[in-house]
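Here's a quick tour for someone new to reading protein structures. Have a look at the model first, then work through the notes below.

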Amino acid sequence: MVLSKTASQSDVSVHSTFASRYVRTSLPRFKMPEDSIPKEAAYQIINDELMLDGNPRLNLASFVTTWMEPECDKLIMDAINKNYVDMDEYPVTTELQNRCVNMIAHLFNAPLGDSEAAVGVGTVGSSEAIMLAGLAFKRKWQNKRKAEGKPYDKPNIVTGANVQVCWEKFARYFEVELKEVKLREGYYVMDPVQAVEMVDENTICVAAILGSTLNGEFEDVKLLNDLLVEKNKETGWDTPIHVDAASGGFIAPFLYPELEWDFRLPLVKSINVSGHKYGLVYAGIGWVIWRSKEDLPEELIFHINYLGADQPTFTLNFSKGSSQVIAQYYQLIRLGYEGYRNVMENCHENAMVLKEGLEKTGRFNIVSKDHGVPLVAFSLKDNKCHDEFEISEMLRRYGWIVPAYTMPANAQHITVLRVVIREDFSCTLAERLVADIQKVLHELDTLPAKVNAKLAMADEEKDKNGTVKKTAIETQREITAYWKKFVSERKTNKNQIC
């Protein structure tokens, strides 16, 4: 007699993954499910949703590394279960971090003796690095003011309006006034002259940006240093400089070695850099280096005694992975100075290929500079018919993620598109992007006459009636709103047809 068994509802071994009830029935999104599901089903459900993410290598908005060599990927996965904070258990990982700190400090020309160790720490990214550097400046300023018997309750930092949002976070979280030098059309970085004019006795530091997020431009740290030296002499203050080299710290030493922006300048007391940008490591690693021990107040440092040695630690978080520290060390010894220089030169050359391709279209103004971070920021010469936001949106149809944004205060009427050139962005991709931009422009040109013509006619009618004419910015906003609605309706109609 043949015995048969009916598969139970929970027995999925006889089903294909997509035929199982686990994949056919949706799971609760915001509550933990009551029952377990097979590992294969969990994997497939998550993997299917992640397919709708953009392609990281076509994400031209990000400065963050999206490709590393397979050998480094293996090192990362081998260390994925190591908690960096467990220094007793993983002393070699701690040693690798210390080696990285010293290598980067020498790269930034820190005034170290032959056997002197550098002062610095690995962080989750430049945001944490900036928080730590800012805390050091604030505490040192407070200690000095206390010793002099002066008020110490109103510290401020002078920056450009082009700073990354982490500076605003530091100011708000740690109660420091942020004094911003406004930008102007054609000049999208901090003006050193205006910055020094804003310095007062409560300024804990002036923050200079080596590689603006907006257009990649390096600020003139040398001029800032020289002007601040003179002001300090006149006032008796000792206002220092912090260099936010998140993007440019791994570029300037290799492409512009003669440029003075680092510890060669006497007032530069600390520098942060993102290892996960042009340090060529996946997201999750940054570094902050101090000029000397005197620039990092001792009371901010915690000391851990392990294996008979003193291990100072200065971080905002506690647990974090070891993988990115190991990956940074891999890149530093694998590439060396020669390798980093080759990568940065290649990125710069590909940026020039993209820039020249965009210029040949005759439709764009280039906002970025050739000297700086390898990126291309550009805006339309004529945005009356269509604007940068529409180009950004339509490029997504080809897989490209190219951000469009307005400039900060006093230049907010300028809208730009920006393409960041990373190691994995080849010359071929640059040429393909230009071709796709031309396709988008052609498609926009063939669309029905835009609402700006109607707005212009309406404005003329209003003028006849004595009504005040709208400004160019107000008109442009109405045009943008109209086209966002128009594109949205087209998408909806296509979905209904399908």
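Helices α11 and α12 cross in a right-handed way (right-handed means the near helix is turned clockwise from the far one by less than a right angle, left-handed means anticlockwise). Keep in mind that this is a predicted model, where local features need pLDDT of at least 70, side-chain atom pairs count only at pLDDT 80 or more, and totals for chains, interfaces and linings use all residues. Residues are numbered from 1 along each chain as its sequence is written, and side-chain values use heavy atoms, with hydrogens and water left out.

**The helix pair**

- Two packed helices are described by the angle between their axes and the distance between the axes.
- Here, α11 (residues 388-395) and α12 (residues 427-446) pack at about 120 degrees, and their axes are 10 Å apart.
- Axes are lines fitted to C-alpha atoms, for helices over the stretch in contact, and angles run from 0 to 180 degrees between N-to-C directions.
- On the α11 side, the contact (heavy atoms within 4.5 Å) is made by E390, I391, M394 and L395.
- On the α12 side, D436, I437, V440, L441, E443 and L444 take part.
- Sort these residues by type and you get seven nonpolar, no polar and three charged.
- For that sorting, Ala, Val, Leu, Ile, Met, Phe, Trp, Tyr, Cys and Pro count as nonpolar, Asp, Glu, Lys and Arg as charged, and the others, Gly among them, as polar.
- Helices (H or I, at least four residues) and strands (E, at least two) are DSSP runs, numbered from the N terminus.

**The four-stranded sheet**

- This open sheet runs β10-β11-β13-β12, and its pairing is antiparallel; two strands pair if DSSP finds at least two bridges between them.
- β10 (364-366) and β12 (404-406) are the edge strands, each pairing on one side only.
- From one strand to the next, the twist averages 40 degrees.
- Helix α10 (residues 323-361) packs on the sheet and touches β10, β11 (375-380) and β13, with its direction at about 15 degrees to that of β11.
- β10 and β11 are joined by three bridges, and N365 sits opposite S379 in β11.
- β11 and β13 share four bridges, with L375 facing V420 in β13.
- β12 and β13 (residues 415-420) pair over three bridges, and Y405 has V416 as its bridge partner in β13.

**Inside β11**

- How many residues of β11 are buried? Six of its six are, where buried means under 20% relative accessible area, exposed over 50% and partly exposed in between (1.4 Å probe, protein chains only).
- In a regular strand the side chains alternate between the two faces of the sheet.
- In β11, L375, A377 and S379 point one way, while V376, F378 and L380 point the other way.

**The seven-stranded sheet**

- Another open sheet has the order β1-β7-β6-β5-β4-β2-β3, with mixed pairing.
- β1 (119-123) and β3 (177-181) each have a single partner strand, so one side of each has no neighbour in the sheet.
- Neighbouring strands are turned by 20 degrees against each other on average, direction ignored.
- Helix α8 (residues 221-235) packs on this sheet, touching β4, β5 and β6 (268-274), and its direction makes about 170 degrees with that of β5.
- β4 (residues 203-209) and β5 (residues 241-244) run parallel and are joined by four bridges; V206 has I241 in β5 as its bridge partner.

**Cysteines**

- Searching the whole structure turns up zero disulfides (pairs of cysteine sulfur atoms within 2.5 Å).
- C72 counts as buried because its relative accessibility is 0%.
- C100 is buried too, with a relative accessible area of 0%.
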